[in-house]
Amino acid sequence: MILFDWGTYNALSTLVKAATLGMKLTEIPPYDFARRSRGPDYFEQYRELARKAFTTVTAHAPYYNVVSTVPEVEERSRKALVAAAKKAEMAGAEIFNLHLGWRAWMDSRDLEHAAETVKAILDATERIVVTLEVMYTRRMLGTFEDIRAIMEMVGSDRVQVSTQLENAWMLLTGASEHGNFVEANRLADEAFWLKVLTETLKLSTHYFSLRFSQVVGFALGRRILKKRVPLGKGYPELQPLARALARFMVEEVHAKHGELRMHLIYTGPPETKYRDTIMLYANVMSEVVPHLK
C-alpha cells in the first residue's frame, strides 16, 4: 500500500520524464488552461498518457480572481474557470485546485460570491473534487476559516481544502504582514506543523491534499509577497516539516483515516522541479521509516 502519492506539475510534453523518474502524481499546470492552442485533443492525449503511469492526476485552475466588484469581470472569470474544470475532467483529473485570489469587499460577500463560483464548477462537472487552496495573506480569500465557510455554503463533499504549506506558514506566523522570514522560520517547529496538518485534516473529505515549495519574501509597496525558490534556498526549513509530515501521515491519516488518499505536490520553480520533487519525497520518506511497524 502506498503511503502517499507524490509528484509535480507537468505539461503533456514532460509527462514521460516525470513517469520515468518514478513520480505517481502529475498536475496539469494553470497555463495549459489559459492557452487557446490547448484544444480538446490536447487534454484527451493527456488523459491517455497519464493513465498509463500515474495513480493521481490533479489540475491547477488558471489564476483568475473568483470575486470582483465589477459583475462583468466576475462573470468572465467564472466562465473561464468552469471551462477549465471541464477540460481538466476531460484530461482525467480527479482534483481541480482553485486559487481564490484577492478579496473584493473584505466582508462576507467575498465568501458568498466565491461559493457561487465553486457551485458553478461542480454543476458543470461530474466527479471532480474542487480543492480550495490556503493563501498566505488575509487580503486574499483562502484562510482555513474562509474555506470552512465556503464549504458550508456549497454543501457538497466534493469541496475540500488543499494546504499550500508555505502559505499556511506565512499566514499563521504573521510573515505575510511583517516580512521577517527568519523569525517566522524559528516558529515553524514540528509542533507548529502538526497543528497545520490537523487543521487540514478537519477540512479533508476524499483527499489529504498538500502542496509545498520554499519561498523568499519581498516588499511591493506595503504588501509582502512571496517568490518561489529551489529547495534549500528559502523558507520555511524543510526538516521540521518532514518530521511532522511523516508522523502525521503514518499515525493519524494512514492509521485512523484510511478512506483518505494522501498526496504531496511540489510547486517550486520549473528549472529545478524534478530534482527538488525527488529531494522532497526522499526527506519525508526518510522520516517515515521509524514510524512504520
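Colleague: How much space lies in the largest cavity?
Modeller: About 30 Å³. Bear in mind that this is a predicted model.

Colleague: How many cavities of 30 Å³ or more does a search of the whole structure find?
Modeller: One.

Colleague: Which residues line the largest cavity?
Modeller: The lining is made of W102, Y136, T137, R139, S176, R223, I224 and L225. By class, that is four nonpolar, two polar and two charged residues.

Colleague: Which strand gives the most to that lining?
Modeller: Strand β9, residues 223–229, with three residues.

Colleague: R223 and W102 are both in that list. Where does R223 lie relative to the ring of W102?
Modeller: R223 lies over the face of W102, at 4.1 Å from the ring centre.

Colleague: How does the lining of the largest pocket divide by class?
Modeller: Into eight nonpolar, five polar and five charged residues.

Colleague: And the second largest pocket, what is its volume?
Modeller: About 190 Å³. Its lining includes M1, I2, L3, F4 and D5, together with residues such as V253, H254 and M262. Helix α11 (238–256) and strand β10 each supply at least two of the lining residues. The classes here are seven nonpolar, three polar and two charged.

Colleague: Is F4 buried or exposed?
Modeller: Buried, because its relative accessibility is 3% and the cut-off for buried is under 20%. Y281 is partly exposed, with a relative accessible area of 27%.

Colleague: What about F33 and F43, why is that pair called stacked?
Modeller: Because the planes are at 5° to each other, with the ring centres 5.5 Å apart; stacked applies to planes under 30 degrees apart. F33 is in helix α2 (residues 31–34) and F43 in helix α3 (residues 40–50), so the pair ties together parts 10 residues apart in sequence. Both are buried, F33 at 7% relative accessibility and F43 at 0%.

Colleague: Which cluster do ring pairs link F33 and F43 into?
Modeller: One that holds F33, Y42, F43 and F96.

Colleague: Last topic, β7. Why is strand β7 described as largely enclosed by the rest of the structure?
Modeller: Because six of the six residues in the strand, 207–212, are buried. That covers both faces, with Y207, S209 and R211 on one side and F208, L210 and F212 on the other.

Colleague: Which sense does β7 pair with β10 in, and over how many bridges?
Modeller: Parallel, over six bridges; β10 is residues 261–266. Strand β6, residues 159–164, also runs parallel to β7 and is joined to it by two bridges.

Colleague: Which residues stand opposite L210?
Modeller: T163 stands opposite L210, and in β10 the bridge partner of L210 is L264.

Note on methods. Residues are numbered from 1 along each chain as its sequence is written. This is a predicted model: local features need pLDDT of at least 70, side-chain atom pairs count only at pLDDT 80 or more; totals for chains, interfaces and linings use all residues. Side-chain values use heavy atoms; hydrogens and water are left out. Buried means under 20% relative accessible area, exposed over 50%, partly exposed in between (1.4 Å probe, protein chains only). Helices (H or I, at least four residues) and strands (E, at least two) are DSSP runs, numbered from the N terminus. Two strands pair if DSSP finds at least two bridges between them. Rings of Phe, Tyr and Trp (its six-membered ring) pair if their centres lie within 6.5 Å; planes under 30 degrees apart count as stacked, over 60 as edge-to-face and the rest as tilted. A charge sits over a ring if NZ of Lys or CZ of Arg is within 6 Å of the ring centre and within 35 degrees of the ring normal. On a 1 Å grid over the protein atoms alone, a cavity is a set of points where a 1.4 Å probe fits but cannot get out, and a pocket is an open set with protein on both sides within 12 Å along at least five of seven lines; lining residues have an atom within 4 Å of a point. Grid points are joined across faces, edges and corners, and a volume is the space filled by probe spheres set on the points. Ala, Val, Leu, Ile, Met, Phe, Trp, Tyr, Cys and Pro count as nonpolar, Asp, Glu, Lys and Arg as charged, and the others, Gly among them, as polar.
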